Amino acid sequence: MTFNHIAVLGAGAWGSALANVAVRADRKVTLWLRNPDKAAQLARTRESEYLPGIKLDARIAVTSNIADAAQADAILLVVPAQTTREVASTLKPHLAAGIPVVVCAKGIERGTRKFMTEVISESLPAAVPAILSGPSFAAEVARGLPAAVTLAAHNDSLAAALAEALGSLMFRPYQSTDVRGVEIGGATKNVLAIAAGIVAGRGLGASAAAALTTRGFAELVRLGKAYGAKPETLFGLSGLGDLILTCSSTQSRNYSLGVALGKGMSPEKAHAEAKLAEGAYTALVIHEMAQASKIDMPVCSAVAAVVEGQVSIDQAIESLLMRPVGQEW
């Protein structure tokens, strides 16, 4: 099982970074973006508007024709979680049966509460779904700095082959068959990163930040267990590793959104300035899932209430501090 031609659908920061990753792994790479004018500009300048100062490798073919991209041996779908279904539906008429589609978004679909690989299974029934997630900032990966992620598929041989196809000296994908665990880690850590940003923006201190991250991770583990995730996945790169990264750096859009909220900015304005913060869309979904499954997730629920404009920051903090003291786990 070899994947010599990789197509990346989505030329945002992460899509552009992964295109560079794939070409460094000596793959033929096609990078697709919907807008023909932007595709022509990117092909000419070799610099993404989302990664200023970082060059797109000259070997990467840029196109706005999704039929061209669909000719690849494997697809990396690098679009926001809430638009995954739309782009997958656009791809459907052009995709041959059995082609792996690796989702690189960290979220859960609003309304349906579907995980990203479930969205792929529904929208692209002929495709083989997989997921890539882990602690990685696009700008660092695009520049070729070291990073390690998790690549999960239900078939171990497929996960191994995809990991090998993308792996290089500076980018190491670890294979897994725990698809759901990888998806839960990526989606939940985004919500918790907003909470961590709120703590920072409010100036609550390093002790509060450590407590918030640790208790938030306990919520991530509870959700994972309820949905059949393996503990080692939740404690690995796509769970704890990604949580540590995004709860401590303004390079994270979700953390930056939380900082803005903590400093008193309205949810609407903060979200607009943070641009694409996946956790803002996922928070309510995770809250709904927790309620439906009777899982105790007070931090995630508080974030959902704040970003949906239901409570103020002070009310959310007070509700968490007034919770009864109990056992840690």
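Sheet first, bearing in mind that I am working from a predicted model. I traced eight strands in an open sheet, and going across I read β3-β2-β1-β4-β5-β6-β7-β8, with mixed pairing. The edge places go to β3 (61–63) and β8 (171–176); each has a single partner strand, so one side of each has no neighbour in the sheet. For the twist I get an average of 25 degrees from one strand to the next.

Next I checked one pair in detail. β1 (residues 5–9) and β2 (residues 28–32) run parallel and are joined by five bridges. Looking across from L9, I find W32 in β2 opposite.

Then the helices on the sheet. α5 (residues 116–123) lies across β4 (74–77), β5 (100–103) and β6 (128–133), and I noted about 155 degrees between α5 and β6. α8 (residues 179–201) lies across β6 and β7 (147–153), this time at about 45 degrees to β6.

Last, the pocket. The largest one comes out at about 1300 Å³. Which residues lie nearest its centre? I wrote down G12, A13, W14, R253 and L276, out of 47 residues in the lining. Elements giving two or more residues to that lining include α1 (13–24), α6 (138–143), α11 (237–246), α12 (253–262) and α13 (267–274), and α8 turns up here too. The helix that gives the most is α2, with four residues. By type, I sorted the lining into 22 nonpolar, 14 polar and eleven charged residues.

Terms used. Residues are numbered from 1 along each chain as its sequence is written. This is a predicted model: local features need pLDDT of at least 70, side-chain atom pairs count only at pLDDT 80 or more; totals for chains, interfaces and linings use all residues. Side-chain values use heavy atoms; hydrogens and water are left out. Two strands pair if DSSP finds at least two bridges between them. Axes are lines fitted to C-alpha atoms, for helices over the stretch in contact, and angles run from 0 to 180 degrees between N-to-C directions. Contact means heavy atoms within 4.5 Å. On a 1 Å grid over the protein atoms alone, a cavity is a set of points where a 1.4 Å probe fits but cannot get out, and a pocket is an open set with protein on both sides within 12 Å along at least five of seven lines; lining residues have an atom within 4 Å of a point. Grid points are joined across faces, edges and corners, and a volume is the space filled by probe spheres set on the points. Ala, Val, Leu, Ile, Met, Phe, Trp, Tyr, Cys and Pro count as nonpolar, Asp, Glu, Lys and Arg as charged, and the others, Gly among them, as polar.
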